[in-house]
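Trainee: I have a model open and would like to read it feature by feature. Can we go through it together?

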Amino acid sequence: STGYKNVFKDGSRFKVEHRVDGRQVRVGSFDTAVEAAVAYARAAGEYQPPTVVAEAEGLRLHLSSSNSTGYKNVGEHPGRFEAKRVVDGRMVYIGSFDTAVE
């Protein structure tokens, strides 16, 4: 699961589909889940430009276009997402999660 509505992993890319008048319509294929989620929101008329970086549970999530998850220091690990961070020059494992947003 990507953690985003109507966004699906398709190989190394993320695809977006949504229903229009009962038909499944392909919106496109994107490098990151975040790009795909924004494309879906625009296609569905739900897009609101962010005023700051994404937020979840009161925390600021740092977006990144340089990896496939769309979030800085979050990587995909077979079927799950891992968060890591460099602390005092060492990579520290934060945890494994079901979605990139978690």
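Trainee: Which residues of α1 are buried?

Mentor: First, the ground rules. This is a predicted model, where local features need pLDDT of at least 70, side-chain atom pairs count only at pLDDT 80 or more, and totals for chains, interfaces and linings use all residues. Residues are numbered from 1 along each chain as its sequence is written, and side-chain values use heavy atoms, with hydrogens and water left out. Now the term: buried means under 20% relative accessible area, exposed over 50%, partly exposed in between (1.4 Å probe, protein chains only). In α1 the buried residues are A33, V34, A36, A37, A39, Y40 and A41.

Trainee: What do the buried residues of α1 pack against?

Mentor: Packing is read through contacts, meaning heavy atoms within 4.5 Å. The buried residues of α1 pack against β1 (7-10), β2 and β3.

Trainee: How many residues are in the largest nonpolar core?

Mentor: A nonpolar core is a set of buried Ala, Val, Leu, Ile, Met, Phe, Trp, Tyr and Cys residues joined through side-chain atoms within 4.5 Å. The largest one has 13 residues, and Y4, V7 and Y71 have the most contacts inside it. Both β2 and α1 supply at least two residues each. The top contributor is α1, with five residues.

Trainee: Which residues is Y4 in contact with, leaving aside neighbours within four places in sequence?

Mentor: Y4 contacts A33, V34, A37, Y71 and V101, once those neighbours are set aside.

Trainee: How do β1 and β2 run, and how many bridges join them?

Mentor: Two strands pair if DSSP finds at least two bridges between them. β1 and β2 run antiparallel, joined by four bridges. They form a hairpin with two residues between them, and G11 in the turn has a positive phi of about 70°.

Trainee: Which residue forms a salt bridge with D31?

Mentor: A salt bridge is a side-chain nitrogen of Lys or Arg within 4 Å of a carboxyl oxygen of Asp or Glu. The structure holds five. D31 pairs with R13, with the closest N and O atoms 2.4 Å apart. D31 sits in the loop between β3 (23-30) and α1 (33-43), while R13 sits in strand β2 (residues 13-20), so the bridge ties together parts 18 residues apart in sequence. D31 is partly exposed at 48% relative accessible area. R13 is partly exposed too, at 30%.

Trainee: What is the N to O distance between E17 and K15?

Mentor: It is 3.9 Å, and their side chains meet in a salt bridge. K15 is partly exposed, at 23% relative accessibility.

Trainee: Is E82 buried or exposed?

Mentor: E82 is buried, with a relative accessible area of 16%. E82 lies in strand β7 (residues 80-87). Its side chain forms a salt bridge with that of K84, at 3.9 Å from N to O. K84 is partly exposed, at 35% relative accessibility. Not counting residues up to four places away in sequence, E82 touches N73, V74, G75, H77, Y93, G95 and S96.

Trainee: Where is D88, and what is its phi near?

Mentor: D88 is in the loop between β7 and β8 (90-97). Its phi is near 50°, positive in a residue other than glycine. D88 counts as exposed, at 79% relative accessibility. N6 is another non-glycine with a positive phi, about 60°. N6 is found in the segment before β1 and counts as partly exposed, at 24% relative accessibility.

Trainee: What share of the chain is buried?

Mentor: Buried residues make up 28% of the 102 residues. Among contacts between residues at least 6 apart in sequence, 29% join residues at least 24 apart.
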